[in-house]
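Please read them with the coordinates open.

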Amino acid sequence: MVDDDVSVRESLELLLRFAGWQTEMFSSAQAFLDHPAAMVPSCLVLDVNLPGLNGLDLQQRIAADRTHMPIIFITGFGDVPITVRAMKAGAVEFLTKPFDDEVLLQAIESALVHSRAALDREENLRPLLEAYRSLTPRERQVLAMVVAGRLNKQIGADLGISEITVKAHRGKVMRKMKARSLADLVKTAEHLPLAPAAHDG
């Protein structure tokens, strides 16, 4: 939890510990960022109005590298534009103080379910990402072009290599990615950080 009000931190820490959850309390966004992220089911209870980096800025900062950590915002006043911005950026709940303890506990329970699911997805994707990392830069180019629908002849022209060489790269990509068919490869590639398949007209 990140909140600069010590009384709020202390009362919520008691509530959450009583509910059986392990808690980490921070008085600022920077203190939270300085703390190493744990890859366990978790959620972030975050005050909107913080000194320095505010809650919305922190949400933006951690969006890419803490996808398994849903955010529950709390605020001392209900501001519709702020609420909309937070929810659009992926917050799972937005509570206005004073809120009912039970509402917060239910929000946390729901967020932890999301977190477990996200961690499971990341775990399932790990072998796929490792296979992708095993591709050479040229094989990655060929993969991106294949899944973008380019024909071998077009890929060869774009990359300045022969069609036979394209077929050889394509075969290695299929083997390394453990793809049984083109459709399988396209489906697999949806989960990969592919560079756009650049080509000349």
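1. Helices α3 and α4 are roughly parallel to each other, a label given to angles under 35 degrees, while those over 145 count as roughly antiparallel, 65 to 115 as roughly perpendicular and the rest as oblique. The axes of α3 (residues 55-62) and α4 come within 11 Å and cross at roughly 10°, where axes are lines fitted to C-alpha atoms, for helices over the stretch in contact, and angles run from 0 to 180 degrees between N-to-C directions. Helices (H or I, at least four residues) and strands (E, at least two) are DSSP runs, numbered from the N terminus.

2. This is a predicted model, in which local features need pLDDT of at least 70 and side-chain atom pairs count only at pLDDT 80 or more, whereas totals for chains, interfaces and linings use all residues. Residues are numbered from 1 along each chain as its sequence is written, and side-chain values use heavy atoms, with hydrogens and water left out.

3. The crossing of α3 and α4 is left-handed, that is, the near helix is turned anticlockwise from the far one by less than a right angle, clockwise being right-handed. On the α3 side the contact (heavy atoms within 4.5 Å) is made by Leu-56, Asp-57, Gln-59 and Gln-60, and on the α4 side by Ile-82, Arg-85 and Ala-86.

4. The sheet is open and has three strands in the order β1-β2-β3, with parallel pairing; two strands pair if DSSP finds at least two bridges between them. Because β1 (44-47) and β3 (93-96) stand at the edges with a single partner strand each, one side of each is left without a neighbour in the sheet. Neighbouring strands are turned by 25° against each other on average, direction ignored.

5. Between β1 and β2 (residues 71-75) the parallel pairing runs over four bridges, and Val-45 has Ile-72 of β2 as its bridge partner. Helix α4 (residues 80-88) packs on this sheet, where α4 touches β2 and β3, and the direction of α4 makes about 155° with that of β3.

6. The structure holds seven salt bridges, each a side-chain nitrogen of Lys or Arg within 4 Å of a carboxyl oxygen of Asp or Glu. One of them joins Lys-97 and Asp-47 at 3.9 Å, N to O. Lys-97 lies in the loop between β3 and α5 (101-133) and Asp-47 in strand β1, so this pair ties together parts that are 50 residues apart in sequence.

7. Gly-76, in the loop between β2 and α4, touches Thr-96 and Lys-97, not counting residues up to four places away in sequence.
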